[in-house]
Amino acid sequence: MEFKDNVVILTGASTGIGEALAQKLAKQGAWLVLAARNAPKLEAVADNCRACGGRALAVPTDVTDEEECKELIDQAIAEYGRIDTLINNAGLSMWMKLEDVEDLSTIEYIMRVNFFGSMYCTYYALPFLKQTRGRIVAIASVAARTGIPTRTGYAASKHAMVGFFES
């Protein structure tokens, strides 16, 4: 069980890929720090992870807020004393051509979630990950490698994310 007693921070943990990852990691005995904006859903996922045999700390976090990302890392260290894995999973999609966008703040917000949220969490976790020779995971999609006309803002944010982590 590769993740037994592995301290894993997982953003975007309240639904979708994040929720499924949390449950899979819990079944392997991971010590989870779960982050998402929706506190009730996040706590429900944490309860489910505990029932699967994992340890789980729910930390309501808006990854667009740098201070909340720092607090997420601080709480992980306070609870477990180390970080072994950071999974940057929080993300938003967008199905719209640029010409149909009425308010560019929509694309800015997607960049804040998909790119800056991952950057903030990684920045604050990096010293701890270096201590444990840990790993950083960046969840992306095909749109991170190739542009798709109806996914302009999403593709741009994931291109930036992949470029950042490859660097």
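A pocket is an open set of points, on a 1 Å grid over the protein atoms alone, where a 1.4 Å probe fits, with protein on both sides within 12 Å along at least five of seven lines. In this predicted model, local features need pLDDT of at least 70 and side-chain atom pairs count only at pLDDT 80 or more, whereas totals for chains, interfaces and linings use all residues. Residues are numbered from 1 along each chain as its sequence is written, and side-chain values use heavy atoms, without hydrogens and water.

**Largest pocket**
- The space in the largest pocket is about 510 Å³.
- Its lining (residues with an atom within 4 Å of a point) comprises 25 residues, and Gly12, Asn89, Ala90, Gly91 and Leu92 lie nearest the centre.
- Helix 1 (16-27), strand 2 (31-36), helix 4 (105-132) and helix 5 (152-166) each give two or more residues to this lining; helices (H or I, at least four residues) and strands (E, at least two) are DSSP runs.

**Asn114**
- Asn114, in helix 4, is buried, with a relative accessible area of 0% (buried means under 20%, exposed over 50%, partly exposed in between; 1.4 Å probe, protein chains only).
- Beyond four places in sequence, Asn114 is in contact (heavy atoms within 4.5 Å) with residues including Ala90, Gly91, Leu92 and Ser157.

**Positive phi**
- Most residues other than glycine have a negative phi.
- Asp5, in the segment before strand 1 (7-11), has a positive phi near 60° and is partly exposed at 33% relative accessibility.
- Arg133, in the loop between helix 4 and strand 5 (135-138), has a positive phi of about 55° and is exposed at 78% relative accessibility.

Key. Grid points are joined across faces, edges and corners, and a volume is the space filled by probe spheres set on the points.
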